[in-house]
Amino acid sequence: MSKPDDLLVDVAALVEAGQSNQMSLTVVTGGAVITGRLAPEAVWRARVSEVLSDSDRLGEFSAVFKAPSQKEGPPTHLHFHVARILQGTVGIPETGGMYRVAIKDISAWTVGDFSYSDH
C-alpha cells in the first residue's frame, strides 16, 4: 500500500490515545497474516525492553527500546502483542509474540483476531 489507509491510521491513533491494549486486529503484510492485539507504542517498547533485559545475550539492546519515541504526527506503525503469524493450521508462536508492522505496508486488514481449531 503506497499511502497508509486513513481508517487504519485512525484505529492506531485511538489505541495510542487511549493507551488500550484490547483492540484485536488481523492484517496482511508482505503475504503474511498477523493476528493479535494492538498495544500503544510505549507499552510495546516497555515490554520488548523487559524481555531483552532478562536475556544474558541480548540485554544490551534493552536500552534502545526504553527510549521514548520522538516522532510527531499520526502513527506510522502498528504494535502487536500476543500476536501470531498464521501459517497453515497453526499460529506462530503459539503463545504469541511482539510485532511492529508499518501501516503503509498493510494490504488488507479486519477487526478481530483469528485462531484455528480442529473441532
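Student: Is Val-82 buried, partly exposed or exposed?

Tutor: Let's start with where it sits: in this predicted model, Val-82 belongs to strand β3 (residues 77–87). Its relative accessibility is 38%. Buried would need under 20% and exposed over 50%, so Val-82 counts as partly exposed.

Student: What is the phi of Val-82?

Tutor: Good one to ask about! Most residues other than glycine have a negative phi. Val-82 is not a glycine, yet its phi is positive, at about 50 degrees.

Student: Is strand β1 largely enclosed by the rest of the structure, or largely open?

Tutor: Strand β1 covers residues 24–29. Of its 6 residues, 5 are buried, so β1 is largely enclosed.

Student: Which residue in β2 stands opposite Thr-29?

Tutor: First look at the pairing: β1 and strand β2 (residues 32–38) run antiparallel and are joined by 6 bridges. Their hairpin has 2 residues between the strands, and Gly-30 there takes a positive phi near 60 degrees. Across from Thr-29 you will find Ala-32.

Student: And which residue in β5 stands opposite Leu-25?

Tutor: Strand β1 also pairs with β5, in the antiparallel sense, over 5 bridges. Opposite Leu-25 in that pairing is Val-111.

Student: Which element has the highest mean pLDDT?

Tutor: For the protein as a whole, the average pLDDT is 88, and 94% of the residues score at least 70. Among its elements, strand β4 (residues 90–102) has the lowest mean, 86. The highest mean, 96, belongs to strand β5 (residues 106–111).

Methods:
Residues are numbered from 1 along each chain as its sequence is written. This is a predicted model: local features need pLDDT of at least 70, side-chain atom pairs count only at pLDDT 80 or more; totals for chains, interfaces and linings use all residues. Side-chain values use heavy atoms; hydrogens and water are left out. Helices (H or I, at least four residues) and strands (E, at least two) are DSSP runs, numbered from the N terminus. Buried means under 20% relative accessible area, exposed over 50%, partly exposed in between (1.4 Å probe, protein chains only). pLDDT is the predictor's confidence in each residue, from 0 to 100. Two strands pair if DSSP finds at least two bridges between them.
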